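Colleague: Please show me how to read a structure of this kind, one feature at a time, with the general idea first and the case at hand after that.

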Amino acid sequence: MVVKILSAATIGLDVFKIEVEVDIANSLPQVVIIGLGDAAIAEAKERLKLAIKNSSFEFPKTKVIINLAPADLKKEGAAYDLAMAVGILAKEGIIRDEPKNTAFLGELSLDGTIKPVYGILPIVFGLKNLGIKKVIIPFENLKEASFADNIQVLGAKNLNEVVMHLNDNESLPSIKQEIDDFIKSDKEYQADFKYIKGQKFAKRALEIAAAGAHNVLMAGSPGSGKTLLAKAFPSILPPLTKDEAIEITKIYSIAGLLDHNNPLISERPIRAPHHSASAVGIIGGGSNPKPGEITLAHRGVLFLDEMPEFPRAVLEVLRQPVEEGEVTISRAQMSIKYPANFILLGAMNPCPCGYLGDKKIECKCTDFQINRYRAKLSGPLLDRIDIHIDVARLDEDELLEQNIEAESSVEIRKRVAKARELQLIRYKDDGIFTNSELNPKLIRKYCKISPEVKAMLKNAAKSFNLSGRGFDRILKISRTIADLDNGNEINVSHLAQALQFRGYITTQI
């Protein structure tokens, strides 16, 4: 009789149940593994032989055939080692009863030790949704899987422990942790808004961006404070919700970037790739498509400093993810979808020399040079950036002022968190978290405006030559400003503020 042991595979963040089928044929000693596995799976036959032998069990002296079903699903990595070993031992009668409704994951060392593997958190959550009641994983992955409810997760250090558990009901360790114990809302940041002199307009824009998860592009001469503002921006972002923390941790688990000792991503991720990054590095990819920078920045910030220095082809790949909040990576054999709902925070100089519009230093660039520099940011990409602001150079009095301390990030973060709470309550039945995620249907539902506001918006659309997308984004920003003011309706002052933050980059020349 064929022995069937459960395991799991991941494609992107999707989890699929894998049946490891083991049978033995009367033939020369040989291990055959079929089922569309990669090189790591093909090499497992040697690991299995020595792991079973060094665990004081006898490996079959006949032909062992292992099938990873479904056979048309590509499988990668060494996470199936433990399931294959359990199947062989069950077929040989060393494990007395075939495990039912239990999944096994882990890489085997030659001495029988079970090594940690990537992607445990999404796999455990996925198996729970597929109706699996128990999963045995490497002990080092136990903390990572400890946030899953309604599924028994056990950790094993070696193959012997698994056999004793299945035969003699020897207990295996299990850990249960609460997400709230890891998420801190009172973290102190080294870069704080109170240490940034002046720039009230830019700070207000970033507060609105944080409250509604809107994209921002800052332009200003060198030394005006763009990078400092960007470094301080995380200090005003609201703490993660439980769902967001799990969502981000799943991504980092799949990418192999999770620290086993700190198993939960408890802060909003901040990614700042260098302008030499490739398009694949930004959006993800490879033969086995892995998350790129935009997915690693999910529910956080993607900061592109000196944005026009990025190759135009790299910037253009951002257009669809910025609009849709997800990225689809298509390859010949598969198509994988990753979440990519991030705040795009860009910084740039107004011209190649950096001093166009500067009050102190004259710009030496020609119109041709300026236009060529600006052309790296296409119109469609700029149209997807909600807020455009000019970060002006500070004058001498502002630089020398020591007595006046600006509003702290803590105070700003309180307002931002309150606005986010309003949005979470408002959109609890719509499957979104923030105003930036509103689609045209939800905009009509939640961004209702009076005839007075409508008339002002009509004039603004004509003056700014707003596209349909730009029109919707103005309403989203207005909705966020109203939330910061605890307003139920969008009024004229909210719309007027929103219009101040739109179109600077495209209208300066």
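Modeller: Let us begin with contacts, where contact means heavy atoms within 4.5 Å. R479 touches R426, Y427, N435, Y446, C447, G487, N488 and I490, not counting residues up to four places away in sequence. This is a predicted model, in which local features need pLDDT of at least 70 and side-chain atom pairs count only at pLDDT 80 or more, while totals for chains, interfaces and linings use all residues. Residues are numbered from 1 along each chain as its sequence is written, and side-chain values use heavy atoms, with hydrogens and water left out.

Colleague: Where does R479 lie, and is R479 buried or exposed?

Modeller: R479 lies in helix α19, which covers residues 468–484; helices (H or I, at least four residues) and strands (E, at least two) are DSSP runs, numbered from the N terminus. Buried means under 20% relative accessible area, exposed over 50%, and partly exposed in between, with a 1.4 Å probe and protein chains only. Because its relative accessibility is 2%, R479 counts as buried. A polar atom of the R479 side chain also lies 3.4 Å from the backbone oxygen of Y446.

Colleague: What is the average pLDDT of the protein?

Modeller: The value called pLDDT is the predictor's confidence in each residue, from 0 to 100. The average for this protein is 91, and 97% of the residues score at least 70. Over residues 505–509, however, the pLDDT is below 50, although this stretch has 13 contacts in the model beyond near neighbours in sequence. Where pLDDT is low, the predicted coordinates should not be read in detail.

Colleague: How many salt bridges does a search of the whole structure find?

Modeller: Side chains of opposite charge can pair when their charged atoms come close. The cut-off for a salt bridge is a side-chain nitrogen of Lys or Arg within 4 Å of a carboxyl oxygen of Asp or Glu, and the search of the whole structure finds 27. One of them joins R47 to D81, with the closest N and O atoms 2.7 Å apart. This pair links distant parts of the chain, since R47 sits in helix α2 (residues 44–54) and D81 in helix α3 (residues 81–91), 34 residues apart. Both R47 and D81 are buried.

Colleague: Which residue does the side chain of R96 meet in a salt bridge?

Modeller: The partner of R96 is D168, at 3.1 Å from N to O. R96 counts as exposed because its relative accessibility is 54%, whereas D168, at 47%, counts as partly exposed.

Colleague: Why is α3 described as largely enclosed by the rest of the structure?

Modeller: The reason is that 10 of the 11 residues of α3 are buried, so the rest of the structure largely encloses this helix. The buried residues of α3 include D81, L82, M84, I88 and L89. After α3 comes G93, whose phi is positive, near 85 degrees.

Colleague: Which residues touch the most other members of the largest nonpolar core?

Modeller: A nonpolar core is a set of buried Ala, Val, Leu, Ile, Met, Phe, Trp, Tyr and Cys residues joined through side-chain atoms within 4.5 Å. The largest core here has 70 residues, of which V20, I66, M84, I294, M307, L318 and F342 touch the most other members. The helix α3 gives this core its largest share, 8 residues. I294 touches, among others, I282, L302, L318 and F342.

Colleague: In which sense do β1 and β2 pair, parallel or antiparallel?

Modeller: Two strands pair if DSSP finds at least two bridges between them. Strand β1 (residues 3–11) and strand β2 (residues 14–25) pair in the antiparallel sense over 9 bridges, and A8 has K17 in β2 as its bridge partner. In the hairpin of these strands, with 2 residues between them, G12 takes a positive phi near 65 degrees. Strand β2 also runs antiparallel to β4 (residues 63–69), joined by 7 bridges, and V22 stands opposite I66 in β4.

Colleague: What is the strand order of the open sheet with parallel pairing?

Modeller: That sheet of 5 strands has the order β11-β14-β17-β10-β18. β11 (270–271) and β18 (387–390) stand at the edges, each with a single partner strand, so one side of each has no neighbour in the sheet. Within the sheet, β10 (residues 216–219) and β17 (residues 343–348) pair in the parallel sense over 4 bridges, and L217 stands opposite G346 in β17.

Notes: A polar contact is a pair of N or O atoms within 3.5 Å; within protein, one must be able to donate a hydrogen and the other to accept it, and residues adjacent in sequence count only if both atoms are side-chain atoms.
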